[in-house]
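Student: I would like to learn how to read a structure like the one below. Please take the features one by one.

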Amino acid sequence: MGVHLSTPNTDKVSEAGTLAGVPYGVSAMQGWRTSMEQTYSTGSISAPGQAAVPVFCVFAGFGGPLVALFCKSHLLKELSRLEAWSTGNVEEALRAVFLRMDEMLRSQEHVAELSRFTQESCRPPSPDEAPPG
């Protein structure tokens, strides 16, 4: 059926936890797609002199897992490096980090990493794996 299955994969993987005092839950299901295209990340980051802020991200693949996996791998690290983040300008930091992801995705520096992601499945972790971050 092309990029869709003839019947949906309704197996679900769920996780619950607490991050920086904030309870969360996540559940993922492949659905009609031929592979899992979305992923998520949980983590916390802080700016100098500020308490850690919990961050919960969902990365949609929209046609494949490549960009979702790449952003999961880099977004929080790049966000923490931005001056806008360290000065508390969250709106500007979020805008800038997404532009940074686009820039990195177009960079020759990351071609090998992107190639590696094409070989990986974009599945959420099983309950016995460490939470992503």
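Student: Which residues are linked in a network of salt bridges?

Tutor: The general idea is that side chains of opposite charge can pair when their charged atoms come close. Here a salt bridge is a side-chain nitrogen of Lys or Arg within 4 Å of a carboxyl oxygen of Asp or Glu. In this predicted model, such bridges connect Glu 78, Arg 81, Arg 100 and Glu 103 into a network. By the rule just given, the count of salt bridges comes to 5.

Student: What should I know about the numbering and the values before going on?

Tutor: Residues are numbered from 1 along each chain as its sequence is written, and side-chain values use heavy atoms, with hydrogens and water left out. As the model is predicted, local features need pLDDT of at least 70 and side-chain atom pairs count only at pLDDT 80 or more, while totals for chains, interfaces and linings use all residues.

Student: Is Glu 78 buried or exposed?

Tutor: Buried means under 20% relative accessible area, exposed over 50%, and partly exposed in between (1.4 Å probe, protein chains only). Glu 78 has a relative accessible area of 7%, so it is buried. Arg 81, at 57%, counts as exposed.

Student: Where does Arg 100 lie, and where does Glu 78?

Tutor: The side chains of Arg 100 and Glu 78 meet in a salt bridge of 3.1 Å, N to O. Arg 100 lies in helix α3 and Glu 78 in helix α1, so this pair ties together parts that are 22 residues apart in sequence. Arg 100 is partly exposed, with a relative accessible area of 27%.

Student: What does Arg 33 form a salt bridge with?

Tutor: Its partner is Glu 37, and the closest N and O atoms are 3.8 Å apart. Glu 37 is buried at 8% relative accessible area, whereas Arg 33 is partly exposed at 30%.

Student: In what order do the elements of the protein chain run?

Tutor: The chain has 4 helices and 4 strands. From the N terminus on, the order is β-β-β-β-α-α-α-α.

Student: How many bridges join β1 to β2?

Tutor: Two strands pair if DSSP finds at least two bridges between them. Here 10 bridges join β1 (residues 4-19) to β2 (residues 22-33), and the two strands run antiparallel. Thr 18 stands opposite Pro 23 in β2. The two strands form a hairpin with 2 residues between them. Ala 20, in the loop between β1 and β2, has a phi near 50°, a positive value in a residue other than glycine. At 48% relative accessibility, Ala 20 counts as partly exposed.

Student: Which residues have the most contacts inside the largest nonpolar core?

Tutor: In soluble globular proteins, nonpolar side chains tend to be buried together. A nonpolar core is a set of buried Ala, Val, Leu, Ile, Met, Phe, Trp, Tyr and Cys residues joined through side-chain atoms within 4.5 Å. The largest one here has 20 residues, and those with the most contacts inside it are Ile 45, Cys 57, Phe 59, Leu 75, Leu 76, Leu 79 and Trp 85. At least two core residues come from each of β4 (53-59), α1 (66-81), α2 (83-86), α3 (90-106) and α4 (111-118). The largest share, 7 residues, comes from α1.

Student: What does Leu 79 touch?

Tutor: Contact means heavy atoms within 4.5 Å. Not counting residues up to four places away in sequence, Leu 79 touches Ile 45, Trp 85, Ala 93, Leu 94 and Val 97.

Student: Which residues form a nonpolar patch on the surface?

Tutor: Patches are made of residues with over 30% relative accessible area and no salt bridge: like charges are joined within 9 Å, nonpolar side chains (Val, Leu, Ile, Met, Phe, Trp, Tyr) within 5 Å. Val 90, Leu 94 and Phe 98 form the patch, with about 260 Å² of accessible area together. Such areas come from the Shrake-Rupley method with a 1.4 Å probe; for residues, only the protein chains shown count as cover. Phe 98, in helix α3, is partly exposed at 48%.
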